Each structure stands twice: as structure tokens, then as C-alpha cells.
Amino acid sequence: MAILTNALDKLLGYQMRRATAVLMADFVRTLADFDMRPAEITTLLVIAENPDCSQSEVGEAIAIKRANMVPIIARLIERDLVARTRVDGRSLALRVTDKGAAQAAEAWRRIAEHEARFRERLDPADLETVLTALPVLRSAVEDGAPDLS
């Protein structure tokens with residue numbers, strides 16, 4: 001069987017998409033028994049690190065639209081991982097429950113293992129380059145590039 005060439009291998013977006021697919025598949029496997037979507041886990045972790053934050057602040061921090069945050073927060077509350085408390089007449093603050101704090105701690109432990117599996121494949125200097133370069137690409141939308149989200 002012939003080995004095919006792939007001109008796509010020279011494209012940044014193609015390489016990033018392939019790498020992201022591998023990383024996300026491992027992430028999902030790592031946390032599969034949590035029965036949570038990646039966005040729910042991410043939301044839980046942000047709330048755990050930022051007690052008394054608002055739903056809109058969490059959405060902004062993880063780049064999830066306000067309308068999409070509603071079902072995520074509802075599911076976390078339904079599972080007794082997050083609670084809302086009234087701050088004033090109109091504002092609600094989010095905080096993890098004891099159960100949510102335990103789940104967040106276990107998620108962080110597993111995520112550290114997940115990260116280590118991929119970080120160890122890169123030379124430390126290459127890892128630093130990647131971690132410096134990716135936020136630059138993410139900021140392209142802020143600098144006037146078209147919003148593709």
C-alpha cells in the first residue's frame with residue numbers, strides 16, 4: 001500500500017485541529033465517569049476558583065455565550081455541584097457546594113495527569129513556545145480578524 005502525501009500537514013489550522021481532537025478525546029476519556037460535558041467541567045472549575053462570581057463573568061472567562069450558560073448552570077445546580085446566592089436585589093452569585101468542591105478537586109487531579117501525558121511529549125522549550133503562541137492566535141479575533149466562533 002502506498003504512503004500518501006498530505007499537503008494539509010503544512011497548514012497551521014489543520015495541525016491544530018488534529019492536535020485538539022487528540023487532546024479532547026483524552027480529556028473526555030479522563031473524565032468520562034463524571035457524566036459531564038467539557039463545558040460543564042470547565043464551568044465548575046472556574047466557579048470553584050472564583051467563589052461568588054456571576055454567571056455572565058463565568059461565560060466571559062471561558063468564552064461561552066450567555067444563552068449557552070443557562071443550561072450549563074442549571075445542570076450544575078440540579079446535580080448539587082453549584083448553588084446560587086442572592087447578592088443584592090437583582091444579582092446572583094455562584095459558588096460550588098461541598099459536593100462541587102470535591103468534584104472540582106478530583107477533576108483537577110485527573111486533568112493534571114491528562115496534561116502530563118501530553119506535556120511530556122514536548123521539549124520544555126517547545127512547550128513554552130506553544131503556550132506563548134496559542135494565546136496570540138486566540139487574540140486574533142480581538143485584533144480585527146473575523147469572528148469565527
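Tutor: In this predicted model, a salt bridge is a side-chain nitrogen of Lys or Arg that lies within 4 Å of a carboxyl oxygen of Asp or Glu, and by this rule the count comes to 11 salt bridges.

Student: What makes R29 and D26 a salt bridge?

Tutor: The closest N and O atoms of R29 and D26 are 3.6 Å apart, and the limit is 4 Å, so the pair qualifies as a salt bridge.

Student: How do you know how far apart R29 and D26 are along helix 1, in terms of helical turns?

Tutor: Because R29 and D26 are 3 residues apart in helix 1, about one helical turn separates them. An α-helix has 3.6 residues a turn, so residues three or four places apart point the same way.

Student: Why is D26 called buried, and what is R29 called?

Tutor: The relative accessibility of D26 is 9%, and buried means under 20%, so D26 counts as buried. R29, in contrast, has a relative accessible area of 58%, and since exposed means over 50%, R29 is called exposed.

Student: What else does D26 meet, apart from its neighbours within four places in sequence?

Tutor: With those neighbours left aside, D26 is in contact with H114, R117 and F118.

Student: What makes R95 and D52 a salt bridge, and why is the pair said to tie parts together?

Tutor: The closest N and O atoms of R95 and D52 are 2.5 Å apart, which is within 4 Å, so R95 and D52 form a salt bridge. R95 belongs to strand 2 (residues 92–96), while D52 sits in the loop between helix 2 (38–49) and helix 3 (55–62), so the pair ties together parts that are 43 residues apart in sequence.

Student: Which residues of helix 3 are buried, and why are they said to line one face?

Tutor: The buried residues of helix 3 are Q55, V58 and G59. Seen down the axis of helix 3, these buried residues fall within an arc of 100°, so they line one face of the helix. They pack against helix 2, helix 4, strand 1 and strand 2, whereas E60 and A61, on the other side of helix 3, are exposed.

Student: What makes D80 count as partly exposed, and which residues does it contact beyond its neighbours within four places in sequence?

Tutor: The relative accessibility of D80 is 43%, which lies between 20% and 50%, so D80 counts as partly exposed. Leaving those neighbours aside, D80 is in contact with T97, K99 and G100.

Methods
Residues numbered from 1 in each chain as written. Predicted model: local features only at pLDDT ≥ 70, side-chain atom pairs only at ≥ 80, totals over all residues. Heavy atoms only, no water. Buried < 20%, exposed > 50% of the residue type's maximum accessible area, 1.4 Å probe, protein only. Contact = heavy atoms within 4.5 Å. Helix = DSSP H or I, 4+ residues; strand = E, 2+ residues; numbered from the N terminus. Arc of directions from axis to C-beta.
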